[in-house]
Amino acid sequence: MKYLNMMGLVAILYSCDVKADTTNNCQRVNAGGLSAIIEVEIADSNASHTKGELLIRLNDYLSFRYPNNIHTRTYVKKVNNQDLHRFPVQLSDRTNFMEVDYMSPVGNGSVKRSGFFLKQFAFLIRDGDSIRIRINKDSLGFRGKGAVRLNLQLGLESIENDYKFDANNMDSNAAAYVQRFITLRKKIAEQQITLLNGYKDSVEQEVYNRLYFDIIGRRNLTLISVVNAMMVGGASIEKEEKDRFNRVAYQILMESLPDFDVPFSDDWHQSPYFMDYLLFKELFLIKQMAFGTKDSKEIAVTEDELYRILTEKYAGRIKERLLLMGASYLIRNELPSENYLHDISRDITTWPYRDLALSLYANRGVGKLAYEFSLPDSSGNLVNLADFHGKAVVVDFWFTGCIPCRNLKKMMEPIISYYKKKEVVFITISVDKSIEFWKEKGIKSGLYTHKGGIDLITNGQGQNAPIVKHYNLTGYPSLLIIDKKGKLISASPPRPSSNDNIAKLKSLIDLAIDGG
């Protein structure tokens, strides 16, 4: 087995980079010298001659539905079968989240996820762990110090995977249909709690608590999100019957939630699933208040309404984490968020949420300096933001295969034509990982970019590119507008999908041209 020393990939942890912060709440740089050792053993025969791709991501904050990737520490490595990679990592807290992703070679230079790696999953890694991860093409296992905890999490996940429920295969008997799903979710959670209780003396109390919070949170989140999918998704039944189904499904869900909701303390803020459930529930209820007046897909939650609800209903670290997740919701859905970001940067006071809120405001706030990128174009020439000083800049982030990105390209054509002779530059930045794929399937197709435009790529770094993390981009396409002085006019301008949005977008571009 080949041994490859990865000391050069030690994560550099962050400190507060916002000078306005005068508290000590976010000064958490490797507090107390916390660390762990991770070894990764590759056991994938497909990677004997062609390299697979390994990714390990560490974070002290995690949300599956409302991610914030500003301060993730990511390790990406091309690997062969029988490789052994060993590297130490510094931890920013006693317990951190660790995500492991692997793509196996499938021929023609391509790699593909399968099995376990098709779903996003996070393990709890703790100070002092020394673990070895054995990775096959579609599964993984652990041994070493800390392995009991990690293999327990695999066991909990396997129970989740033992049961299947097709939310799209609905029948007209809404009551029976929803009740079947409620019964299933209860059964899964009960089995998971039974397994967890068997390890009560084998794992740390903090870990036991966090895994219990996750079980309850995932049960509730899956229940409400799947019922929501039933209500807003397609169905083979007629509209009148579907409306009746939705009313009954909503009524049963509202009657069932009190049985699922459990008393929770401030410590539950540590659970990604439980916190995702709380925010999803609030958003669901906001939308259902307008049920019957318009398609719930069209109902947008405003930043003022979201801020009011979260600050009135919650307190402590639960509230602070929900406020941070709410920012990610607004950003991902390209909803106005400037006032919201300003308010939460003032309201959130505890680590790690304060650091993340301050970074979001510093990176996306109106009037803040835009990220000074230096990225290659299709000829390999580096293009810098500074090259366009004195001109307004409109940036479109996208990736090949993204249908909404294609739609935005069509919407932007008359906008680009309108500003053809004005002091504004339109730039596209692709997050494709393969530069050749971007050139051949992206640019040459003409489906995503404009002839004669400036097309850049994150140099194969994809979602891990510094500019992507800087703006916390988790959904595409995504636009931003920069003025002549390199300051942000908007990090969430509207897509020109209607006459009203076209007018709003033009007013922002005009403001950038006029100097902000």
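The model is predicted, so local features need pLDDT of at least 70 and side-chain atom pairs count only at pLDDT 80 or more, while totals for chains, interfaces and linings use all residues. Residues are numbered from 1 along each chain as its sequence is written, and side-chain values use heavy atoms, with hydrogens and water left out.

**Confidence**
- The protein has a mean pLDDT (the predictor's confidence in each residue, from 0 to 100) of 85, and 87% of its residues reach 70 or more.
- Residues 1–30 have pLDDT below 50, yet this stretch has 70 contacts (heavy atoms within 4.5 Å) beyond near neighbours in sequence.
- Residues 292–296 also stay under 50, and here the model has four contacts beyond four places in sequence.

**Helices α5 and α6**
- Helices here are DSSP runs (H or I, at least four residues), numbered from the N terminus.
- Helix α5 (residues 272–288) and helix α6 (residues 303–313) have axes that come within 11 Å and cross at roughly 125°; axes are lines fitted to C-alpha atoms over the stretch in contact, and angles run from 0 to 180 degrees between N-to-C directions.
- That angle makes α5 oblique to α6; angles under 35 degrees count as roughly parallel, over 145 as roughly antiparallel, 65 to 115 as roughly perpendicular and the rest as oblique.
- The crossing of α5 and α6 is right-handed, meaning that the near helix is turned clockwise from the far one by less than a right angle, with anticlockwise for left-handed.
- From α5, L279, E282, L283 and I286 meet E305, L306, I309, L310 and K313 of α6.
- The residues of this contact comprise six nonpolar, no polar and three charged; Ala, Val, Leu, Ile, Met, Phe, Trp, Tyr, Cys and Pro count as nonpolar, Asp, Glu, Lys and Arg as charged, and the others, Gly among them, as polar.

**Helices α7 and α8**
- The axes of helix α7 (residues 316–332) and helix α8 (residues 338–347) come within 10 Å, crossing at roughly 160°.
- The two helices α7 and α8 are therefore roughly antiparallel, and their crossing is left-handed.
- On the α7 side, E320, L322, L323, L324, G326, A327 and L330 meet Y340, L341, I344 and D347 in α8.
- Eight nonpolar, one polar and two charged residues make up the contact of α7 with α8.

**Disulfide**
- A search of the whole structure turns up one disulfide (a pair of cysteine sulfur atoms within 2.5 Å).
- C402 and C405 form a disulfide with sulfur atoms 2.3 Å apart, and their link is right-handed, with 80° about the S-S bond.
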